[in-house]
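Biologist: I am new to this structure. Please walk me through it and give the rule behind each term.

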Amino acid sequence: MSPDLLTALIVGAGLFGIGLYGALSQTNLVMIMMGVELILAGALVNLVAFWRFLHPESYAGQMFVLIVMTVMAVEMAVGFGVAIARFRARGSVEMEEARELKG
Amino acid sequence: MAVITLQTFFIALFGIAALWFGVVVFRTSSMMRSALALLFSQTALGAMFLAMQAEFLGVLQIMMMATEMSIMAIFMVMFMMDPGGLGEMDMTHQKRLSIAAGVIGALAVSGVALFAHWGPTATVAPAAAEQIRGLGTELLGRSMIIFETAGVTILTAMIAATAVAMPVLQRKKTS
Amino acid sequence: MRIAVVLGFLFAGAYLVAVLEARLATGRLRLAAPGWAAMALLGRESVVPRQPDRLFFETAPALLLIAALLAAAVLPLAPGLFITNLATGALFVNAALAYVLVALLMAGWGPDGAYALIGGWRFLGQLIAYSMLIVMPITAVAMRAESLLTTDIVASQTGLWNILYQPLGFVLFFIAAMGVAFLPPFDLPSAEGELAGGVTSEYTGVRLAVFRLGRLVLVITLSAATVVFYLGGWLGPVLPPWAWSAVKILAVSATMLLIGHYLPRIREAHLLAWCWKLGIPLALLNIFIVGVMVLVWP
């Protein structure tokens with residue numbers, strides 16, 4: 001297997017790990033969203049690498065990247081909408097204070 | 001036959017830059033630095049796409065993330081209790097668990113990447129102009145319905161986010 | 001060689017824009033004024049404000065200049081006279097211009113000053129207003145050329161320039177370009193009257209010189225983009241191609257500066273309202289009209 005593909009996949013894995021750490025460890029909603037963005041970025045790298053090194057003749061791979069970018073934008077829009085609503089209601093977006101969501 | 005080429009070098013270079021900036025995101029306490037570190041991480045990824053000869057996707061990534069992360073910056077400064085990072089507040093919890101999860105996750109995924117049988121790898125990618133044409137025909141052909149769905153989803157998300165974020169109107173009581 | 005010619009062209013254009021700006025500000029035409037001003041700035045002390053975010057403070061002026069130069073890199077001035085001809089040229093212009101925002105945000109946050117901070121965040125709001133009006137008209141231009149290559153876009157205007165083919169798109173792009181370059185009446189981030197210079201208020205000496213240079217190059221770059229996308233690039237009779245490019249680019253910059261000279265500064269809320277309620281529907285209409293026209297009368 002080619003070192004290019006391996007390098008790209010390991011970068012993707014690294015981004016996934018960093019993003020997972022961020023999403024789990026941060027207490028602020030906005031910082032958690034940054035973690036999720038990093039996880040999605042890892043997915044992007046993998047998709048581009050798969051397209052380039054495994055199936056460069058099929059453009060469905062590139063289209064998948066566009067869809068993931070859309071998901072990133074949607075995540076931002078909805079996340080900030082929730083953050084603003086939460087901030088209006090409670091005056092903070094700290095997740096430690098969101099105990100009432102517990103079942 | 002493992003061949004280290006200039007392409008490998010650049011992929012690795014930008015990849016390391018992306019990882020480094022990704023780490024910086026959670027290590028700095030200034031929110032502006034954090035947001036811009038995420039921006040540069042994503043830009044490095046865009047450069048990595050360019051190194052992987054996906055020119056359209058690379059430029060698109062570089063363009064979209066500049067705006068997206070700058071908007072993220074203002075939200076972080078608005079919603080963090082200590083945006084300048086001068087108050088030395090600790091904004092993390094369950095640190096040990098998170099580090100363990102992150103490391104194990106990354107190692108597991110890299111393990112899969114290492115030991116999976118990927119089959120033969122392609123050596124040449126289509127030219128940039130051909131890629132744009134191919135992607136266009138893909139979007140307006142076989143994958144049209146998927147792409148339309150994505151478009152409608154983003155529109156719904158925009159409307160929903162605006163609706164959620166709008167303040168509750170105080171209706172005047174009519175006597 | 002090619003790169004040196006293009007860069008020389010850009011900096012000469014920036015100098016002329018500075019001359020014109022000085023003429024509008026002082027009412028006197030002095031060709032040497034920007035040169036003296038630059039020398040004065042270079043000789044002056046570079047003050048660093050108290051408790052700056054040093055990294056951002058130092059990077060911002062350079063990033064502004066680099067973003068403007070990168071955007072100019074894909075714009076052809078004559079057949080064969082460009083720094084690089086990317087297959088995604090029209091998109092790349094957008095991508096490079098997005099970093100103008102990043103530079104201004106850094107310049108706003110970096111020096112730890114209230115005016116600078118307000119200026120930086122104001123530009124973020126301004127981006128939300130203008131960015132769609134940059135992207136959508138370019139989409140229509142690329143639709144007519146059936147290519148994202150900037151040279152193809154110029155070639156597609158051989159019969160009829162885009163300013164006549166899609167005048168609506170031209171007006172929107174022109175206004176948005178003035179917004180990107182924060183020229184008056186859109187100079188919200190650097191408003192002299194109300195923010196004492198805004199993002200530039202804490203910069204002095206060499207850094208201010210680089211910042212001003214970046215802004216002037218940005219004006220020239222956006223004029224060049226307008227010329228390439230709407231005014232037929234190097235096309236024109238009698239004169240050699242590069243001369244046509246030069247004349248058109250300078251004319252567009254002069255028009256931008258003159259328009260700004262006679263208009264009052266717009267309010268942020270009004271800018272957003274106009275751009276979103278009027279500008280974006282018009283841009284969509286433009287895409288629709290151009291789509292129909294490309295089918296009927298290419």
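Modeller: By the rule used here, the count comes to 4 salt bridges over all chains. This is a predicted model, in which local features need pLDDT of at least 70, side-chain atom pairs count only at pLDDT 80 or more, and totals for chains, interfaces and linings use all residues. Residues are numbered from 1 along each chain as its sequence is written, chains are lettered from A in the order in which they are written, and side-chain values use heavy atoms, with hydrogens and water left out.

Biologist: What makes the pair C:Glu58 and C:Arg54 a salt bridge?

Modeller: The rule asks for a side-chain nitrogen of Lys or Arg within 4 Å of a carboxyl oxygen of Asp or Glu. In C:Glu58 and C:Arg54 the closest N and O atoms are 2.8 Å apart, so the pair meets the rule. In general, side chains of opposite charge can pair when their charged atoms come close.

Biologist: Why are C:Glu58 and C:Arg54 said to be separated by about one helical turn?

Modeller: Because they are 4 residues apart in helix H3 of chain C. Helices here are DSSP runs (H or I, at least four residues), numbered from the N terminus.

Biologist: Which other residue is linked with C:Arg54 and C:Glu58 in a network of salt bridges?

Modeller: C:Arg207. Its side chain meets that of C:Glu58 at 2.9 Å, N to O. C:Arg207 lies in helix H10 of chain C and C:Glu58 in helix H3 of chain C, so this pair ties together parts that are 149 residues apart in sequence.

Biologist: Why is C:Arg207 called buried?

Modeller: Buried means under 20% relative accessible area, exposed over 50%, and partly exposed in between (1.4 Å probe, protein chains only). C:Arg207 has 15% relative accessibility, so it counts as buried. C:Glu58, at 33%, counts as partly exposed, and C:Arg54, at 43%, is also partly exposed.

Biologist: Where do the partners C:Asp187 and C:Arg265 lie?

Modeller: These two form a salt bridge, with the closest N and O atoms 2.8 Å apart. C:Asp187 lies in the loop between H8 and helix H9 (192-195) of chain C, and C:Arg265 in the loop between H11 and H12 of chain C, so the pair ties together parts that are 78 residues apart in sequence. C:Asp187 is buried at 7%, whereas C:Arg265 is partly exposed at 29%.

Biologist: How do you know that the length of H3(C) is close to what is expected?

Modeller: The expected span is 1.5 Å times one less than the number of residues. H3(C) (residues 54-73) has 20 residues and reaches 29 Å from its first C-alpha to its last, close to the expected 28 Å.

Biologist: Where does H3(C) bend?

Modeller: At C:Ala60, by about 35 degrees, and a proline, C:Pro61, follows within four residues. The bend is the angle between axes fitted to the seven residues ending there and the seven starting there. Among the buried residues of H3(C) are C:Phe56, C:Phe57 and C:Leu64. The buried residues pack against helix H2 (31-51) of chain B together with helices H1, H4 and H10 of chain C.

Biologist: Which chains share the most contacts?

Modeller: Of the 2 pairs of chains in contact, it is chains A and B. Contact means heavy atoms within 4.5 Å. No contact joins chain A and chain C, whose closest C-alpha atoms lie 14 Å apart.

Biologist: How much area do chain A and chain B bury between them?

Modeller: About 6,700 Å², 78% of it on carbon and sulfur atoms. Buried area is the accessible area (1.4 Å probe) that two parts lose on being put together, summed over both. The count of salt bridges between chain A and chain B is 0.

Biologist: And what do chain B and chain C bury?

Modeller: They bury about 2,100 Å², 82% of it on carbon and sulfur atoms. In chain B, B:Met32, B:Arg33 and B:Met63 lose the most area to chain C, together 25% of what that side buries. Across this interface of chain B and chain C the rule finds 0 salt bridges.

Key:
Helices (H or I, at least four residues) and strands (E, at least two) are DSSP runs, numbered from the N terminus.
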